[in-house]
Amino acid sequence: PHYALNGTELRVRPGTSARLFSDSGAVLDAESRSRILSAFGNVYLENLVMVNGADRSAGAIHVGANAYVSLSNVDIRNTSATSLVISRTFWTTSGGVMYVGTDSEMMLINVRITNTIIKVQPVLKGGVLFLNQRARATL
């Protein structure tokens, strides 16, 4: 199955949990109109394909503060992060594909990331994955 997000990212609110899984590798398609997922609670993704996410930073997944995201057997394809620097001290892009906020955690098990475009003038913090203060990632 293929699910178009129609320009609206999936959003999990603080204090909530969500589990998305598929037996057949369902596709979540942001159609290059939004990021794919913003998580502020606990999120578990399994056997999914995430495609065409686009934002100024973290084209695929933004994990807010005090949140947890687990990805297992997930392919992330064709995402982009494009941004211009607003000033010398404020960078608008952190994490080309994924951003993990303060005191948050991300677990990545058998995750494949392909065809990522990161266009930032002049600097990007984090490349594919950016971990903010006290954030943790298990690969």
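**Entry 1: terms and model**

Two strands count as paired if DSSP finds at least two bridges between them, and I kept this rule beside me while I looked up the sheets. Strands (E, at least two residues) and helices (H or I, at least four) are DSSP runs that are numbered from the N terminus. The model is predicted, so I noted that local features need pLDDT of at least 70 and side-chain atom pairs count only at pLDDT 80 or more, while totals for chains, interfaces and linings use all residues. Residues are numbered from 1 along each chain as its sequence is written, and side-chain values use heavy atoms, with hydrogens and water left out.

**Entry 2: the whole chain**

I began with the elements and found that the protein chain has 14 strands and zero helices. I then looked up burial, where buried means under 20% relative accessible area, exposed means over 50%, and partly exposed lies in between (1.4 Å probe, protein chains only). Of the 139 residues in the protein chain, 45% are buried.

I traced an open sheet of six strands, paired in parallel, in the order E1-E3-E5-E8-E11-E14. Strand E1 (2-4) and strand E14 (136-138) are the edge strands, and each of them pairs on one side only. On average, neighbouring strands of this sheet are turned by 25 degrees against each other, direction ignored; for such angles, axes are lines fitted to C-alpha atoms (for helices over the stretch in contact), and the values run from 0 to 180 degrees between N-to-C directions.

Within this sheet, E1 and E3 pair in the parallel sense over three bridges, and Tyr3 has Leu28 in E3 as its bridge partner. Strand E3 (residues 17-29) runs parallel to strand E5 (residues 42-51), and nine bridges join them. I picked out two positions along this pair: Arg19 stands opposite Tyr44 in E5, and Ala26 stands opposite Leu48 in E5.

**Entry 3: the sheet of five strands**

I next followed an open sheet of five strands with parallel pairing, in the order E2-E4-E7-E10-E13. Strand E2 (10-12) and strand E13 (129-131) stand at its edges with a single partner strand each, so one side of each has no neighbour in the sheet. The twist from one strand to the next averages 5 degrees. Strand E7 (residues 61-63) pairs with strand E10 (residues 98-100) in the parallel sense over three bridges, and in E10 the bridge partner of His62 is Tyr99.

**Entry 4: salt bridges**

I looked for salt bridges, each being a side-chain nitrogen of Lys or Arg within 4 Å of a carboxyl oxygen of Asp or Glu, and the count comes to nine. Asp55 forms one with Arg35, where the closest N and O atoms are 3.5 Å apart. Because Asp55 lies in strand E6 (residues 54-55) and Arg35 in the loop between E3 and strand E4 (37-39), this pair ties together parts that are 20 residues apart in sequence. Arg35 is buried, at 9% relative accessible area, whereas Asp55 is partly exposed, at 27%. Both residues belong to a network of salt bridges that links Glu9, Arg11, Arg35 and Asp55.

I also found a salt bridge between the side chains of Arg112 and Asp75 (3.0 Å, N to O). This pair links distant parts of the chain, with Arg112 in strand E11 (residues 105-114) and Asp75 in strand E8 (residues 68-77), 37 residues apart. Arg112 is exposed, at 52% relative accessible area, whereas Asp75 counts as buried, at 12%.

**Entry 5: the surroundings of Ser80**

Last, I looked up Ser80, which lies in strand E9 (residues 80-84) and counts as buried at 18% relative accessibility. Leaving aside its neighbours within four places in sequence, Ser80 is in contact with Gly53, Ala54, Asp55, Gly59 and Ile117. I noted as well that the C-alpha atoms of Ser80 and Ala58 are separated by 7.9 Å, although these residues are 22 apart along the chain.

Methods:
Contact = heavy atoms within 4.5 Å.
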